[in-house]
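Dear colleague,

Please find the structure below, together with its sequence. My notes on what was found in it follow.

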Amino acid sequence: MATATASSLSLLFAHPHSSNPRPFAGGPHLRRPLRAAPHRARCASDAATTATRHRRPAEENIREEAARLRGPGNDFSAWYVPFPPTPEDDPDERYSLDEVVYRSSSGGLLDVCHDMEALARFPGSYWRDLFDSRVGRTAWPYGSGVWSKKEFVLPEIDSDHIVSLFEGNSNLFWAERLGREHLGGMTDLWVKHCGISHTGSFKDLGMTVLVSQVNRLRRAPLSRPINGVGCASTGDTSAALSAYCAAAGIPAIVFLPADRISLQQLIQPIANGATVLSLDTDFDGCMRLIREVTAELPIYLANSLNSLRLEGQKTAAIEILQQFDWQVPDWVIVPGGNLGNIYAFYKGFEMCRVLGLVDRVPRLVCAQAANANPLYRFYKSGWTDFQPRVAETTFASAIQIGDPVSVDRAVVALKATDGIVEEATEEELMDAMSLADRTGMFACPHTGVALAALFKLRDQRIIGPNDRTVVVSTAHGLKFTQSKIDYHDRNIKDMLCQYANPPINVKADFASVMDVLQNKLNGKI
Ligand SMILES: Cc1ncc(COP(=O)(O)O)c(C=O)c1O
Ligand SMILES: N[C@@H](CCOP(=O)(O)O)C(=O)O
């Protein structure tokens, strides 16, 4: 169990209606607000949730219904702060979320900081009940697993500006057979299927937030001159950006490393009408270019360097707690590339701990492909020596990243949760993925990386047989079919492909079919 550390928060809870909340010490992302915010004791959102019991008039759509039912506004708020805070930072440096800013004045990262005092005027039980009451509904925008936690995500956005495809609410799969038969009798192994989602990856969770904020900025009264939204991508961010922009009618521009993403990923932005630039470089090269371009042109940056994205991604952590009836798992294993998501998970868990929804946070494991493992090497150096590297080709192509923009965020998350970084070779990740498939999943290679890390941590007895463990599946396996075809064809150089299951070519006559099936049933083939 991970306990609170010096950098995490010691928040003392006030009664929901107390006018005198007790103070708290702010951690890096959950700071004391610079000015106290008054607060009303009732959330506007309650009204919309209650009203779903009545059918809306035929001529009204769900956005209009939500606007009609909207109660008084709330006083929750959020803003950007430098991350992680350093003694050199001006303690008053903060930016409105309505500013277009990705870096602090010293060139460091930014993070979204919530007014925790306002949120803490309600007890954890209030938030648990509120979030539970919204699951499975269609009331705008709470039918989304992200926006059902709106107060913790982007509290000030008008619901009418939200661009949502009702993402989130992904299933938590009890991996019974994989745990029992292949991981030393694990009883409590779960896979959070974040990839069973609109565009087939967890990126939808962050993109709904980012594109909603862009929508707000572009529309009156702010009317900011943002002509499009752009990203560099290994295939999933670009798919999510293109879909959400297409839904909102906002131009999307995506920079892709040529020949390094799957065909299924490539066709997504093309189909959604994005401007697709296929560049003769790797992801890190695309990332450098998009940063230069967005500094020059009125194109809003959609990569997770932009901390708005992580506000949506963190809801996957809150959802896991919710799915366990607010009990905290012991371990959560997340595949890492650009390293925003591992921090998003930490932030979601930590916010729930600080606000009293749960009493602790899980230990986090970040799993990297050995061919693209700068964080693993950094961890092994005792966090003394970070060296970006040129990432080599990996079947886990969406995490083929050598110079992750959020490395500082990942370090905060792992230090605060007594976390671990593991790596997986190509053979380990493909075998782990294929074995999981044999127990009923259809995992992507990145999930294979996380599963391979789990196999190692079980072998080393770091994770125990009864530890409640969640492996985060980040993309849908159907986006990465070529890797599975090569594996089951035994068409991978220097790889045994021990779980390959190639189709059997049989003459189309009764005797031949019977012969093959009898041999199969007798275990001869
Ligand atoms: C499928 C998939 N898994 C994992 C990751 C890693 O997430 P992050 O870049 O936030 O570390 C990515 C993107 O990088 C991804 O697309
Ligand atoms: N896997 C990502 C890589 C970029 O990560 P981001 O979270 O910074 O956008 C992708 O699919 O592009």
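In which helix do Phe345 and Phe349 both lie, and how many residues apart are they? Both lie in helix α13 (residues 340-354), 4 residues apart, about one turn of the helix. An α-helix has 3.6 residues a turn, so residues three or four places apart point the same way. Please note that the model is predicted.

Phe345 counts as buried because its relative accessibility is 1%, under the cut-off of 20%. Phe349, with a relative accessible area of 2%, is buried as well.

The structure holds 18 aromatic pairs. Tyr102 and Tyr300 are buried. Phe345 and Phe349 also form an aromatic pair, which is tilted, at 6.3 Å centre to centre and 45 degrees between the planes.

Helix α4 (residues 124-134) has as its buried residues Gly124, Tyr126, Trp127, Leu130, Phe131 and Arg134. Seen down the axis of α4, these fall within an arc of 160 degrees, and therefore line one face of the helix. One aromatic cluster is formed by Phe76, Phe122, Tyr126, Trp127, Phe131 and Phe152. After α4 comes Gly136, with a positive phi near 80 degrees.

Two arginines remain to be mentioned. Arg94 lies over the face of Trp79, 4.1 Å from the ring centre, and Arg468 lies over the face of Phe324, 4.2 Å from the ring centre.

With kind regards

Note on methods:
Residues numbered from 1 in each chain as written. Chains lettered and ligands numbered in written order. Predicted model: local features only at pLDDT ≥ 70, side-chain atom pairs only at ≥ 80, totals over all residues. Heavy atoms only, no water. Buried < 20%, exposed > 50% of the residue type's maximum accessible area, 1.4 Å probe, protein only. Helix = DSSP H or I, 4+ residues; strand = E, 2+ residues; numbered from the N terminus. Arc of directions from axis to C-beta. Phe/Tyr/Trp six-rings, centres within 6.5 Å; stacked < 30°, edge-to-face > 60°. Lys NZ or Arg CZ within 6 Å of the ring centre and 35° of its normal.
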